[in-house]
Amino acid sequence: MTQPLRLDTHCHLGEYQDPLATLAGTAADILVIAVTEAPSVFRALRDRFAGQHQIRVALGAHPMVVSQFPPLEWRLFAQYLHETTYIGEVGLDFSPQGAPTRAAQEQAFMRVLQHVAGRGKVLSIHSRRAEARVLELLTAHSVGPAIFHWYSGSLSVLDQILAAGHACSINPAMVHSPNGQKVIAHIPRERILVETDGPYVRVGQRAAQPADVKIVYDFLSAQWGCDEVAAVTQVYHNFKALLPRPR
Ligand code: MN
């Protein structure tokens with residue numbers, strides 16, 4: 001069996017001033033999925049992070065920017081799709097900031113889902129105030145299991161998401177908030193993944209970085225009554241279960 005790795009399944013690694021220095025302070029046994037907001041950013045990061053064994057770059061189309069995508073971004077999405085197993089950040093945002101572009105977001109998300117359907121991709125999904133609609137579109141396109149990142153919707157929709165086979169990635173901000181803890185307690189341990197959403201999540205006065213997954217693993221081991229190695233092993237197993245099987 002391969003050594004279980006610590007995971008940061010949703011980190012905006014390209015947004016740090018010096019991403020590789022940020023990672024250098026981290027134990028070697030961490031795997032970071034570097035999410036992106038646009039295919040042109042994927043292209044830049046895949047070159048920048050080439051040969052970095054700890055990093056997987058995800059192809060993204062973030063709901064807060066897709067309404068402004070020029071056609072070139074969609075050409076790049078199709079072009080780079082075969083280069084990565086990871087798709088993110090994608091999804092919908094119907095919060096007050098996202099609501100005005102709802103129609104464009106839905107169109108874009110459906111476009112993404114058409115591209116990835118049946119291709120064994122692992123999606124990291126943004127679903128703020130749009131959880132039920134995201135689930136509906138995933139189901140309609142037979143896409144999944146996907147990872148709902150930083151889930152903050154109702155527990156009843158969460159039940160439907162879990163019943164459909166999807167997983168959730170949790171971060172230090174959730175661990176520190178009463179609502180986040182409620183969500184975490186609701187997810188079976190076989191469906192939990194770990195993320196930082198750095199640098200957007202804060203840890204005290206600073207930006208979260210991949211090493212801060214430790215906060216989440218410590219929380220999980222307390223919750224599960226096990227040691228940290230057992231928590232790391234469980235989450236890694238959960239992650240492996242999402243990966244496409246070699247044919
Ligand atoms: Mn994010």
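Mentor: What follows starts at the metal site and then moves to other parts of the chain. Keep in mind that this is a predicted model.

Begin with the manganese ion. Its protein donors are His10 through NE2, His12 through NE2, Glu89 through OE and Asp197 through OD, and they lie 2.2 to 2.5 Å from the ion. Along the sequence, the donor residues follow the spacing H-x1-H-x76-E-x107-D. Both His10 and His12 are buried.

Now look at His149, which sits in strand E6, residues 147–149. Is His149 buried or exposed? With a relative accessibility of 4%, His149 counts as buried, because the limit for that term is under 20%. Leaving out neighbours within four places in sequence, His149 is in contact with His10, Glu89 and Asp197, and also with Ser124, Ile125, His126, Ser169 and Glu195. His10, Glu89 and Asp197 are among the protein donors of the manganese ion. With Glu195, the side chain of His149 makes a polar contact, side chain to side chain, at 2.9 Å.

Ala34 belongs to strand E2, which covers residues 30–34. Its relative accessibility is 0%, so Ala34 counts as buried. Residues up to four places away in sequence aside, Ala34 touches Cys11, Leu13, Phe49, Ile55, Arg56, Val57 and Ala58.

Next come the loops. Most residues other than glycine have a negative phi, and most peptide bonds are trans.

The bond from Gly144 to Pro145 is cis, with omega near 0 degrees. Pro145 is in the loop between helix H5 (131–140) and E6, and E6 is the strand that holds His149. The bond joining Gly198 and Pro199 is also cis, with omega about -5 degrees. Pro199 is in the loop between strand E8 (192–194) and strand E9 (202–203).

The other two concern phi. In Ser142, which is not a glycine, phi is positive at about 50 degrees. Ser142 is in the loop between H5 and E6, and Pro145 is in that loop as well. Ser142 has a relative accessibility of 63% and therefore counts as exposed. Arg129, likewise a residue other than glycine, has a positive phi near 60 degrees. Arg129 is in the loop between strand E5 (122–126) and H5. At 59% relative accessibility, Arg129 counts as exposed.

Last, turn to a pair of helices. Two packed helices are described by the angle between their axes and the distance between the axes. For helix H6 (residues 155–163) and helix H8 (residues 178–186), the angle is about 35 degrees and the axes are 11 Å apart. The crossing of H6 and H8 is right-handed. On the H6 side, the contact is made by Leu155, Leu158, Asp159 and Leu162, and on the H8 side by Lys182, Val183 and His186. Sorted by class, the contact of H6 with H8 has 4 nonpolar, 1 polar and 2 charged residues.

Conventions: Residues are numbered from 1 along each chain as its sequence is written. This is a predicted model: local features need pLDDT of at least 70, side-chain atom pairs count only at pLDDT 80 or more; totals for chains, interfaces and linings use all residues. Side-chain values use heavy atoms; hydrogens and water are left out. Helices (H or I, at least four residues) and strands (E, at least two) are DSSP runs, numbered from the N terminus. Buried means under 20% relative accessible area, exposed over 50%, partly exposed in between (1.4 Å probe, protein chains only). A polar contact is a pair of N or O atoms within 3.5 Å; within protein, one must be able to donate a hydrogen and the other to accept it, and residues adjacent in sequence count only if both atoms are side-chain atoms. Contact means heavy atoms within 4.5 Å. Donors are N, O and S atoms within 2.8 Å of the metal (3.2 Å for Na, K and Ca); water is not among the atoms, so sites may look incomplete. Axes are lines fitted to C-alpha atoms, for helices over the stretch in contact, and angles run from 0 to 180 degrees between N-to-C directions. A crossing is left-handed if the near helix is turned anticlockwise from the far one by less than a right angle, and right-handed if clockwise. Ala, Val, Leu, Ile, Met, Phe, Trp, Tyr, Cys and Pro count as nonpolar, Asp, Glu, Lys and Arg as charged, and the others, Gly among them, as polar.
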